[in-house]
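Subject: Structure for you to look over

Hello,

Please find the structure below, with the sequence alongside. My notes on what was found in it follow.

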Amino acid sequence: DVYKRQDQEQELPGFGTMEIPPGIIRIRSAGSGGWGCPSERQQDSILRDIRDEILSAKKASEDYGIKMD
C-alpha cells in the first residue's frame, strides 16, 4: 500500500496503525475467493456465517448446497 502527497510516495506497512497528513492512500487487498472445495466446508461454519449475516441463506444454498427452512 502506498501513501502519496505532493508527488512523493511512501510505502505503508502491511499492518498496524499510523497517523498521516491529508493525501491519497492506495490500498490493494486480496479477494475473498476462499480456500478448498465448498462441498467439504463444515456445515456448522456455514450456519454460523448465516447467523452472523456474513452469508445469506440463498448463497449458502447456491454455493454449499445447504437447504434452509
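D63 has a relative accessibility of 38% and so counts as partly exposed (buried means under 20% relative accessible area, exposed over 50%, and partly exposed in between, with a 1.4 Å probe and protein chains only). The side chain of D63 meets that of K59 in a salt bridge, 3.4 Å from N to O. A salt bridge here is a side-chain nitrogen of Lys or Arg within 4 Å of a carboxyl oxygen of Asp or Glu. Both D63 and K59 belong to helix α2, where they are 4 residues apart, about one turn of the helix. Through shared partners, salt bridges link K58, K59, E62 and D63 into one network.

K59 also forms a salt bridge with E62, with the closest N and O atoms 3.8 Å apart. These two residues, K59 and E62, are 3 residues apart in α2, so about one helical turn separates them. K59 is partly exposed at 37% relative accessibility, and E62 is partly exposed at 47%. By the rule above, the count comes to 5 salt bridges. As background, side chains of opposite charge can pair when their charged atoms come close.

**What kind of model this is**

This is a predicted model, in which local features need pLDDT of at least 70, side-chain atom pairs count only at pLDDT 80 or more, and totals for chains, interfaces and linings use all residues. Residues are numbered from 1 along each chain as its sequence is written, and side-chain values use heavy atoms, with hydrogens and water left out.

The mean pLDDT of the chain is 80, and 86% of its residues reach 70 or more (pLDDT is the predictor's confidence in each residue, from 0 to 100). Among the elements, strand β1 (residues 2-5) has the lowest mean pLDDT, 68, while helix α1 (residues 43-51) has the highest, 91. Where pLDDT is low, the predicted coordinates should not be read in detail.

**Overall layout**

The chain holds 2 helices and 3 strands, and from the N terminus on they run β-β-β-α-α. Helices (H or I, at least four residues) and strands (E, at least two) are DSSP runs, numbered from the N terminus. Of the 69 residues in the chain, 14% are buried. The accessible surface comes to about 6,300 Å², and 48% of that belongs to carbon and sulfur atoms; the areas come from the Shrake-Rupley method with a 1.4 Å probe, and for residues only the protein chains shown count as cover. Among contacts between residues at least 6 apart in sequence, 12% join residues at least 24 apart (contact means heavy atoms within 4.5 Å).

Which residues of α1 are buried? They are S45, I46, D49 and I50. They lie on the same side of α1, because they cover an arc of only 140° around the axis; the arc is that of the directions from the helix axis to the C-beta atoms. The cover over the buried residues of α1 includes α2.

The largest nonpolar core has 5 residues in all: I46, I50, L55, A60 and I66. A nonpolar core is a set of buried Ala, Val, Leu, Ile, Met, Phe, Trp, Tyr and Cys residues joined through side-chain atoms within 4.5 Å. Leaving out residues up to four places away in sequence, A60 touches I46, I50, L55, G65 and I66.

**D49 and R41**

D49 is part of helix α1, and with a relative accessible area of 15% it is buried. Its side chain meets that of R41 in a salt bridge of 2.6 Å, N to O. R41, at 29% relative accessibility, counts as partly exposed. Not counting residues up to four places away in sequence, D49 touches R41, I54 and L55.

**E53, between the helices**

E53 sits in the loop between α1 and α2 (57-64). Just after α1, this residue takes a positive phi of about 60°, in a residue other than glycine. Is E53 buried or exposed? E53 is exposed, with a relative accessible area of 74%.

Regards
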